[in-house]
Amino acid sequence: YTPRTGENLVRDVVECLHQEWRDERPGPVVVEMPMDLQRAKASSLPSPASVLVNGYQFSGLMAAIDHLKTMAPIVLCGRGALGAIAQLTELRKRTRAPFLYSLPAVGLRGQFPVEAPPWRYEGMIGHTGDAAANALLAHAFTVLVLGSRLDIRQVGTIGLPLGMRLIRVDVDRGELDTTAKGRELHFRMDVADWLACALEVWDHA
């Protein structure tokens with residue numbers, strides 16, 4: 001990988017590193033620094049932290065939390081949510097949303113502390129899922145999609161209603177780009193990291 005300009009140096013390098021991670025090809029990343037770039041002067045460079053904030057679209061975080069607080073949400077967990085049990089447990093304390101699971105994440109069901117009263121519905125969506133879970137998803141106003149693909153095996157050939165508000169968190173840029181429904185907030189980052197940020201500012205949204 002070869003950065004070309006000093007102004008975008010930090011952003012481009014961070015993007016390169018995360019691309020390797022998203023593609024599930026962990027290993028060395030070679031960054032070549034051209035001589036003209038090494039000699040170039042820059043008045044300032046952004047910090048890696050600020051690059052990550054901009055790159056992962058934290059600007060929409062408060063809007064997403066507002067929807068989750070006011071629009072009777074449903075939480076849909078996919079494979080990408082498997083490493084976020086602690087954050088999901090805390091989310092369950094903040095909202096009474098039903099929790100739905102795709103087939104790769106169905107193992108999350110039963111992993112959370114027992115609640116009293118047991119009002120929260122849990123179910124698996126998809127062509128081998130529960131009829132009630134699929135009906136809930138089809139008629140929801142707002143769905144927080146955590147690391148789930150929303151492919152044909154999950155939502156069928158018709159897909160989800162165009163008026164539905166989707167808040168999608170996924171590390172796969174291609175997945176977010178190719179399944180856009182028009183009324184979406186996208187956050188390209190790890191589910192556990194996004195939930196940690198959202199919970200931190202939850203009471204201020």
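Visitor: Which residues of the largest nonpolar core touch the most other members?

Guide: The model is a predicted one. Its largest nonpolar core has 29 residues. Elements giving two or more residues to this core include helix H4 (61-70), strand S1 (73-77), H5 and strand S4 (142-146). The members that touch the most others are Cys77, Leu88, Leu144, Leu146 and Trp194.

Visitor: Which element gives the largest share of this core?

Guide: Among the elements that give two or more residues are strand S5 (165-169), strand S6 (184-187) and H9. The largest share amounts to 5 residues, and the element that provides it is H9.

Visitor: With which residues is tryptophan 194 in contact, leaving aside its neighbours within four places in sequence?

Guide: Trp194 is among the residues of the largest core that touch the most other members. Its contacts, with neighbours within four places in sequence left aside, are Leu61, Ala64, Leu68, Leu144, Leu146, Ile167, Val169, Phe187 and Met189.

Visitor: How many residues are in the other core?

Guide: This other core lies apart from the largest one, and Ala140, Val143, Val145 and Met164 are among its members. Its number of residues is 14.

Visitor: At what angle do helix H5 and helix H9 pack?

Guide: Two packed helices are described by the angle between their axes and the distance between the axes. For H5 (residues 85-94) and H9 (residues 191-200), the axes are 9 Å apart, and H5 passes H9 in a left-handed crossing. The angle is about 35°.

Visitor: How do the residues of the contact of H5 with H9 divide into nonpolar, polar and charged?

Guide: H5 contributes Gln87, Leu88, Glu90, Leu91 and Arg94, while H9 contributes Ala192, Leu195, Ala196 and Leu199. The division is 6 nonpolar, 1 polar and 2 charged.

Visitor: Which strands stand at the edges of the open sheet?

Guide: The sheet has 6 strands with parallel pairing, in the order S3-S2-S1-S4-S5-S6. An edge strand has a single partner strand, so one side of it is left without a neighbour in the sheet. The strands in that position are S3 (122-124) and S6.

Visitor: What is the bridge partner of leucine 76 in S4?

Guide: S1 and S4 pair in the parallel sense over 5 bridges. Within S4, the partner of leucine 76 is valine 145.

Visitor: At what angle does H4 run to S6?

Guide: H4 lies across S1, S4, S5 and S6. H5 also packs on the sheet, where it touches S1, S2, S3 and S4, and its direction makes about 145° with that of S2. For H4 and S6 the angle is about 125°.

Visitor: Which residues of S6 point the other way from Glu184 and His186?

Guide: In a regular strand the side chains alternate between the two faces of the sheet. Glu184 and His186 point one way from S6, and the residues on either side of this division are all buried. Those pointing the other way are Leu185 and Phe187.

Visitor: Is alanine 72 buried or exposed?

Guide: Alanine 72 is placed in the loop between H4 and S1. Its phi is near 45°, a positive value in a residue other than glycine, whereas most residues other than glycine have a negative phi. Since its relative accessibility is 56% and the cut-off is over 50%, alanine 72 counts as exposed.

How values were computed:
Residues are numbered from 1 along each chain as its sequence is written. This is a predicted model: local features need pLDDT of at least 70, side-chain atom pairs count only at pLDDT 80 or more; totals for chains, interfaces and linings use all residues. Side-chain values use heavy atoms; hydrogens and water are left out. Axes are lines fitted to C-alpha atoms, for helices over the stretch in contact, and angles run from 0 to 180 degrees between N-to-C directions. Helices (H or I, at least four residues) and strands (E, at least two) are DSSP runs, numbered from the N terminus. A crossing is left-handed if the near helix is turned anticlockwise from the far one by less than a right angle, and right-handed if clockwise. Contact means heavy atoms within 4.5 Å. Ala, Val, Leu, Ile, Met, Phe, Trp, Tyr, Cys and Pro count as nonpolar, Asp, Glu, Lys and Arg as charged, and the others, Gly among them, as polar. A nonpolar core is a set of buried Ala, Val, Leu, Ile, Met, Phe, Trp, Tyr and Cys residues joined through side-chain atoms within 4.5 Å. Buried means under 20% relative accessible area, exposed over 50%, partly exposed in between (1.4 Å probe, protein chains only). Two strands pair if DSSP finds at least two bridges between them.
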